[in-house]
Amino acid sequence: MQGSMPNMPETLSYSVVAAVGITIIAALFTAATGPQDLVAAVLVLAIAGGIYWLIGRHPATIVTAKQSAATGAILLAICALADLAAGYPYQGVLFLLGAAALAVAFVLLQQGTVPIELRFGTMSAFTASPGIAQLRMLEELRDAGILSPEEFAAKRALIVL
């Protein structure tokens with residue numbers, strides 16, 4: 001009997017099924033350790049649901065930001081409810097605030113809003129369109145004195161925003 005290596009789509013399918021299955025088994029083991037860990041089991045099941053929702057439904061398509069925001073908001077809401085039920089109100093409120101922020105992001109993404117460039121020092125959290133990023137680099141070169149105002153104007157005319 002000769003075995004063959006699975007191809008890439010089969011490997012992806014096996015990986016997703018394994019991830020969801022192992023997460024469900026982990027939730028069952030967590031729930032079996034005692035009633036105090038029931039909240040943790042619900043949270044682990046929520047993670048399994050998130051894996052399935054983001055990847056398992058349509059593994060051939062790339063997850064969009066809208067899907068990620070919606071799933072993240074749902075997972076955070078489940079975590080909030082579990083923490084509130086377990087008697088951890090402060091963590092529950094924090095999870096609810098995170099869920100609300102992702103819900104707002106989902107609504108804005110649903111309307112077609114594109115984030116602006118957001119920087120924290122040298123780190124960029126969100127990057128704008130490539131044209132705006134190029135314009136920003138040209139402005140930095142001009143401000144540093146590397147480009148003259150005429151060179152800046154000529155190069156700016158070439159950028160498509």
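1. Helices here are DSSP runs of H or I with at least four residues, strands are E runs of at least two, and both are numbered from the N terminus. On that basis the protein chain has six helices and two strands, and from the N terminus on the order is α-α-α-α-β-β-α-α.

2. A quick word on what you're looking at: this is a predicted model, where local features need pLDDT of at least 70, side-chain atom pairs count only at pLDDT 80 or more, and totals for chains, interfaces and linings use all residues. Residues are numbered from 1 along each chain as its sequence is written, and side-chain values use heavy atoms, with hydrogens and water left out.

3. For the chain overall, buried residues make up 17% of the 161 residues (buried means under 20% relative accessible area, with a 1.4 Å probe and protein chains only). Taking contacts between residues at least 6 apart in sequence, 42% join residues at least 24 apart; contact means heavy atoms within 4.5 Å.

4. Now to α3, residues 65-86. Its 22 residues should span 32 Å at 1.5 Å a residue, and the end C-alpha atoms are 31 Å apart, which agrees (the expected span is 1.5 Å times one less than the number of residues). After α3 comes Gly87, with a positive phi near 90°.

5. How do α3 and α4 cross? Their axes come within 8 Å and cross at roughly 160°; axes are lines fitted to C-alpha atoms, for helices over the stretch in contact, with angles from 0 to 180 degrees between N-to-C directions. The two helices are therefore roughly antiparallel to each other, a label for angles over 145 degrees. The crossing is left-handed, meaning the near helix is turned anticlockwise from the far one by less than a right angle.

6. The contact itself involves α3 residues including Ala69, Ala73, Leu76 and Ala80, and α4 residues including Phe95, Leu96, Leu102 and Phe106. Its residues divide into 17 nonpolar, five polar and two charged.

7. Which α3 residues are buried? Ala69, Thr71, Gly72, Ala73, Cys79, Ala80, Ala82 and Asp83. Have a look at Ala82: its relative accessible area is 9%. Setting aside neighbours within four places in sequence, Ala82 touches Val39 and Leu43. Leu43 lies 39 residues from Ala82 along the chain, with 7.5 Å separating their C-alpha atoms.

Terms used
Parallel < 35°, antiparallel > 145°, perpendicular 65-115°, else oblique. Nonpolar A, V, L, I, M, F, W, Y, C, P; charged D, E, K, R; others polar. Buried < 20%, exposed > 50% of the residue type's maximum accessible area, 1.4 Å probe, protein only.
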